[in-house]
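Here is a short walk through a predicted model. Keep the sequence and the structure side by side as you read.

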Amino acid sequence: MQLPLEHPVFKTLSEIAEEEGVEAYVIGGYVRDLLLHRPSKDIDVVVHGSGIALAEKAAERLGGLHVSVFKNFGTAMFRYKGMEVEFVGARRESYRADSRKPIVEEGSIDDDQKRRDFTINALAISLNRADYGELIDPFGGVEHLEQRIIRTPLEPGITFSDDPLRMMRAVRFASQLNFRIEENTLRALSEFAFRLPIISMERIMDEFNKIMLSPEPSKGISLLEETGLLKQFFPELVALKGVEHVNGVGHKDNFYHTLAVVDGVALYSEDLWLRWAALLHDIGKTVTKKFSPAQGWTFYGHNHTGERMVPKIFARLKLPQNEKMKYVQKLVNLHMRPIVLSEEIVTDSAVRRLLFDAGDDIDDLMTLAEADITSKNEEKVKRFLENFKIVRRKLKEVEEKDSIRNFQPPISGEEIIATFNLPPCRAIGDIKNAIKEAILDGVIGNNYEEAREYMFRVAKDIIP
C-alpha cells in the first residue's frame, strides 16, 4: 500500500537518507493518524544507524533549525512547519524485572516494530527512494484500525512486562479512539497490573490525564478499575465503588455516579481541572458515610472532607500544588451549593453569597452541579434542570445589579483605623465583616456611600 507523505520534511529526509546510504522510516502515531484521517502534531522517524546524525543534517539543510539532542536516549528533535520531528536509531529494548530503565541495543526496522506497544502504532512508511511511501505492516495494524481493536504486536505479557506503562497506554488509546481492547490483551492488563508501580507517578499521570481528556472519560476509567490498574495508583477512587445495604436500604454506587458526572462535565468542557473537580467531587463520601434508621444513608460534610483530601491526593499523584489544585478544592467544597439553591426559593441574598464564594469560577461550578444530577428518575432530573435555569437567571440579574463577583468591601481596614483612630485590634475586622455581610444580605448596596454610612452605624456596637 502506498501512502501520501505531504509534509515537506519527508522529501528532504528521503534525499539525505539516500545520500548517506541509510534507511529511514516514518513510524508510529503519525502513520496511525494518517490512516484514521486525524490531525497529528508529531512525526517519529526511525533510522538504521544514527538518528541524531540524520536530524542534524536535515536541520542544516532546512535552514539551520535548532536541534535538541538527547544523547543518553540516542534521540534528537526539531520543529519544522508546525510539526515536532523526532529521530531515533532503530533498536531493540527490554526491561529488567525490577527496573523501569530499558536495556537498549541497535536493531533493524523489524526489531523496532516489534518493540512498539500496539499493532496500530507499529505501522511504518518507507522514506527510502526505492519504495518511498510504501506501508510496512507486519502485525496487521491496518486491519486492527478497521476493526477498532487495541492489540500488542507480540504476546501481551512480553509487551507489558517489558514496559508496564503500555498498560495505561492501552486504556488511553481505547478511551481516546473509542476502540476495544482485544481479549488476550485485556486479560494481560489484569495479570500484569501489579507491575505498574515500577513506573514513575509522573508518567502514569500523563497517561491518566489523557484519559481524562478523552471524549468519554468513563470508558477509560472503568477499564482501569476492571483490570485492577486503578487501585495501583488511585485507591481513594476505587473505594467509592460498591453499594452497602443495612435493613434492606442501600445507597447509590458513588464510583459509577462519579464517572457519570465526569462524562456530564466532558459534554460541555474540555478543561482538565474541571474534569478533575468532577472526579473528586464526592471523594469524601467513603469517609463520611453513615447509616441511621431514621434517615437512611447520609454523607454529611462530604464536600468539606473532600476539600481537605484534595491536597494529599494531588501530592501523591504528583499533580500541581498550585492554583490548579486550589481551583479543584474550591469546586469540591462548593459543588452542593447550587443544588441546595435549586431546591429552595432562590433569594437574592443566597445568590450573592454564591457569587461571592465562587467568584470567576461560578460558571464552572454551575456546569459541575448540573452534571451532578444523575438520578434515574427523569421527572426529578427535569425538575432540577429547570430550577437550575432559574438559578442561572438570578445569578445574571444579581451580578448585573450588585457586581458581587470577586468584590472587595468598599471600606478598607486602613480607612476604618483612620476614621476611628484605632490601634490594630479585632474591631477592625469585625467592622469590615459586618459591612461585607450587609452587602451580601442586601441590607446596603455594594457602593462606597452606603458602606461608609453603615460603618458608622455598626461601629457604635463594636468599638468599646
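Arg 79 stands opposite Glu 84 in strand β5. The two strands here are β4 and β5 (residues 83–89), which run antiparallel and are joined by six bridges. Strands of a sheet pair through backbone hydrogen bonds, either parallel or antiparallel.

Helix α3 (residues 51–61) packs on the sheet. This helix touches β1, β2, β3, β4 and β5, and its direction makes about 25 degrees with that of β4.

Now look at Thr 75. It belongs to strand β4, which covers residues 75–80. Is Thr 75 buried or exposed? Its relative accessible area is 9%, which is under the 20% cut-off, so Thr 75 counts as buried. Beyond its neighbours within four places in sequence, Thr 75 contacts Ile 52, Ser 68, Val 69, Phe 70, Glu 86, Phe 87 and Val 88.

Step back to the sheet. It is open, with seven strands in the order β3-β4-β5-β2-β1-β8-β9 and mixed pairing. At the edges are β3 (68–70) and β9 (135–136), each pairing on one side only.

Helix α2 (residues 29–36) lies across β1 (24–27), β2 (42–47), β5, β8 (124–126) and β9. This helix runs at about 60 degrees to β1.

Last, the nonpolar cores. The largest has 133 residues. Phe 208, Phe 233, Phe 234 and Trp 276 have the most contacts inside it. Leaving out residues up to four places away in sequence, Phe 208 touches Met 168, Ile 221, Leu 224, Leu 230, Phe 233, Phe 234, Trp 276 and Leu 279. A second, separate core has seven residues, among them Tyr 25, Ile 27, Val 46 and Ala 124.

Conventions:
Residues numbered from 1 in each chain as written. Predicted model: local features only at pLDDT ≥ 70, side-chain atom pairs only at ≥ 80, totals over all residues. Heavy atoms only, no water. Helix = DSSP H or I, 4+ residues; strand = E, 2+ residues; numbered from the N terminus. Buried < 20%, exposed > 50% of the residue type's maximum accessible area, 1.4 Å probe, protein only. Contact = heavy atoms within 4.5 Å. Pairing = 2+ DSSP bridges. Axes fitted to C-alpha atoms, helices over the stretch in contact; angles between N-to-C directions. Core = buried A, V, L, I, M, F, W, Y, C linked by side-chain atoms within 4.5 Å.
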